[in-house]
Amino acid sequence: TCSEITLRQEVLKDGFHRDLLIKVKFGEGIEDLQRCRLLIKQYIPTGLFVDPYELASLRERNITEAMMVSENFDIEAPNYLSKESEVLIYARQDSQCIDCFQAFLPVHYRYHRPHSKDGETFTVVSNPDLLMYCDQGKGCKCFLRVEKE
């Protein structure tokens, strides 16, 4: 069985270009997280997009290990003409927390239809799927899905 897992998502920066910071903390029960890899499958809603060329550049510079899953993806499409997309991100162990992993993903707002209200538009980022593998029989070998509250 797997330990209790705490997932926290933070949106950093303001404006159209933001960063999604995903932090995962494991409770008791996993003996050696040094042998584990955590893969995050993040769902990107239609109001946002991730630039695959930017991801490639971040991979080359060893900043983020991530790739787009979705095909036929149009970064220029407005919100009402786009589809949800998916990104796979390998989280890195947090140097400040022995039981923690974190991942960084740049996200960008799409253009929305004009409206006469107060001008605010909300985009909800759902919880990701977490997949973990620990080598040599240590720790937790399981598929973890964090349910949306």
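Let's start inside a strand pair: K23 has Q102 as its bridge partner in strand 7. This is a predicted model, where local features need pLDDT of at least 70 and side-chain atom pairs count only at pLDDT 80 or more, while totals for chains, interfaces and linings use all residues. Residues are numbered from 1 along each chain as its sequence is written, and side-chain values use heavy atoms, with hydrogens and water left out.

Strand 7 covers residues 100-109; strands (E, at least two residues) and helices (H or I, at least four) are DSSP runs, numbered from the N terminus. Two strands count as paired if DSSP finds at least two bridges between them. Strands 6 and 7 form a hairpin, with 6 residues between them.

Now for the backbone in two loops. Most residues other than glycine have a negative phi. K13, not a glycine, has a positive phi of about 75°; K13 sits in the loop between strand 1 (5-12) and strand 2 and is partly exposed, at 49% relative accessibility. N62 isn't a glycine either, and its phi is positive at about 60°. N62 lies in the loop between helix 1 (52-60) and strand 5 (65-68), and counts as exposed because its relative accessible area is 54%.

Definitions and conventions: Buried < 20%, exposed > 50% of the residue type's maximum accessible area, 1.4 Å probe, protein only.
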